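Please walk me through this model, from its charged pairs to its helix packing and its backbone details. Running paragraphs will do.

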Amino acid sequence: MSALKMDGKVIAERIRKEIAGKVAKLSTPIGLGTILVGSDPGSVAYVDGKHKDCAQVGIKSIKVNLPDSVLTADVVAAVNKLNQDPNCTGFIVQLPLPSGIDVQEVLSAIDPKKDADGLTPTNLGNLVLSFNEIIPCTPKAIVALLSEYKIKLSGAKVLIIGRGLTVGRPLSILLSQKSINATITLAHSATSNLSALINESDVVIAAIGSAHFVKPEMVKPGAVIVDVGITRVDNKLVGDVDPTVAQIASAMAPMPGGVGPLTRAMLLQNVFELATNER
């Protein structure tokens, strides 16, 4: 058996075309802002990709690049500037931030009405209440990908490996909402018997940043696997899931090419929704 490949690139391209058509009809421009602190190669490449997407769909780019020597107050000042910028309809602070920067203080300073990543306390609180104003981009992308490929989530045992702010925690909340109705287990570095949990799960979503952590012998035959982790090994980006898992799974979202492209498309969608209130 070879797993069905869940291709996020194809869906992302379709979404970009849809957004481009909608943006072209607007009487006022839309602007995406990014705040990048430092020069981490992965973060730089990711932010550049976001602005490339913006150019493709007709969204204005607003770039704020800060050195990694800045203080929390400097990043908050940049956030406040974008909060007040009428040309910026939505923006993100690229994570992770350098050590020494207070992430919570920075995220709390973002105007929830311009929070394109959905990570402010207000928007995460709305997610907990099932009042989904702006959904964090990667969880939104994962749900869209699974929906596109008609993966049954209602009643399914879903294991999320990783409890990070951008994927694991908000995804666990989103998937447990009544509209989706999955049964969620959120695993992390202190979880006992993780291999057994993987083997019991209908859907496994790996987001821990540990190269090829999930092996085929761990996976229940026919399970659905979503690889969200990214690790650099010998100057090559690899995922959390060993590629040979495709021989066991029924469907698999690989890294690269699965969730990543769709995450970028969901950012564009969030920016459009913030600008137009179209949900």
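Is glutamate 273 buried or exposed? Glutamate 273 is buried, with a relative accessible area of 10%; buried means under 20% relative accessible area, exposed over 50%, and partly exposed in between, with a 1.4 Å probe and protein chains only. The model is predicted, so local features need pLDDT of at least 70 and side-chain atom pairs count only at pLDDT 80 or more, while totals for chains, interfaces and linings use all residues. Residues are numbered from 1 along each chain as its sequence is written, and side-chain values use heavy atoms, with hydrogens and water left out.

Glutamate 273 has a charged partner: a salt bridge joins it to lysine 140, with the closest N and O atoms 3.5 Å apart. A salt bridge here is a side-chain nitrogen of Lys or Arg within 4 Å of a carboxyl oxygen of Asp or Glu. Glutamate 273 lies in helix H9 (residues 259–276) and lysine 140 in helix H6, so the pair ties together parts that are 133 residues apart in sequence. Helices (H or I, at least four residues) and strands (E, at least two) are DSSP runs, numbered from the N terminus. Lysine 140 is buried too, at a relative accessible area of 12%.

How many salt bridges does a search of the whole structure find? The search finds seven. One of them involves glutamate 148 and arginine 14, whose closest N and O atoms are 3.0 Å apart. Glutamate 148 belongs to helix H6 and arginine 14 to helix H1 (residues 8–24), so this pair ties together parts that are 134 residues apart in sequence. Glutamate 148 is partly exposed, with a relative accessible area of 33%, and arginine 14 is partly exposed at 38%.

Another salt bridge is formed by lysine 220 and aspartate 202, with 2.7 Å between the closest N and O atoms. The pair links distant parts of the chain, 18 residues apart: lysine 220 is in the loop between strand S7 (203–206) and strand S8 (224–227), and aspartate 202 is in the loop between helix H8 (194–200) and S7. Lysine 220 is partly exposed, with a relative accessible area of 26%, and aspartate 202 counts as partly exposed at 27%.

Two packed helices are described by the angle between their axes and the distance between the axes. The axes of H1 and helix H2 (residues 41–57) come within 8 Å and cross at roughly 50°. That makes H1 oblique to H2. Axes are lines fitted to C-alpha atoms, for helices over the stretch in contact, and angles run from 0 to 180 degrees between N-to-C directions. Angles under 35 degrees count as roughly parallel, over 145 as roughly antiparallel, 65 to 115 as roughly perpendicular, and the rest as oblique. Glu13, Arg16, Ile19, Ala20 and Val23 of H1 make the contact with Asp53, Gln56 and Val57 of H2, where contact means heavy atoms within 4.5 Å.

In helix H4 (residues 103–109) lies leucine 107, which is buried, with a relative accessible area of 4%. Leaving aside neighbours within four places in sequence, leucine 107 is in contact with Leu119, Thr120, Pro121 and Leu165.

The loop between helix H5 (121–128) and helix H6 (137–148) holds leucine 129, which is exposed, with a relative accessible area of 66%. Serine 130 is in the loop between H5 and H6; its phi is near 65°, a positive value in a residue other than glycine. Serine 130 is partly exposed, with a relative accessible area of 43%. Asparagine 181 is not a glycine either, yet has a positive phi of about 70°. Asparagine 181 sits in the loop between helix H7 (168–176) and strand S6 (183–187).

Where are the cis peptide bonds? One runs from leucine 95 to proline 96, with omega near 5°, and proline 96 is placed in the loop between strand S4 (90–93) and H4. The peptide bond from methionine 255 to proline 256 is cis, again with omega near 5°, and proline 256 is in the loop between strand S11 (251–253) and H9.
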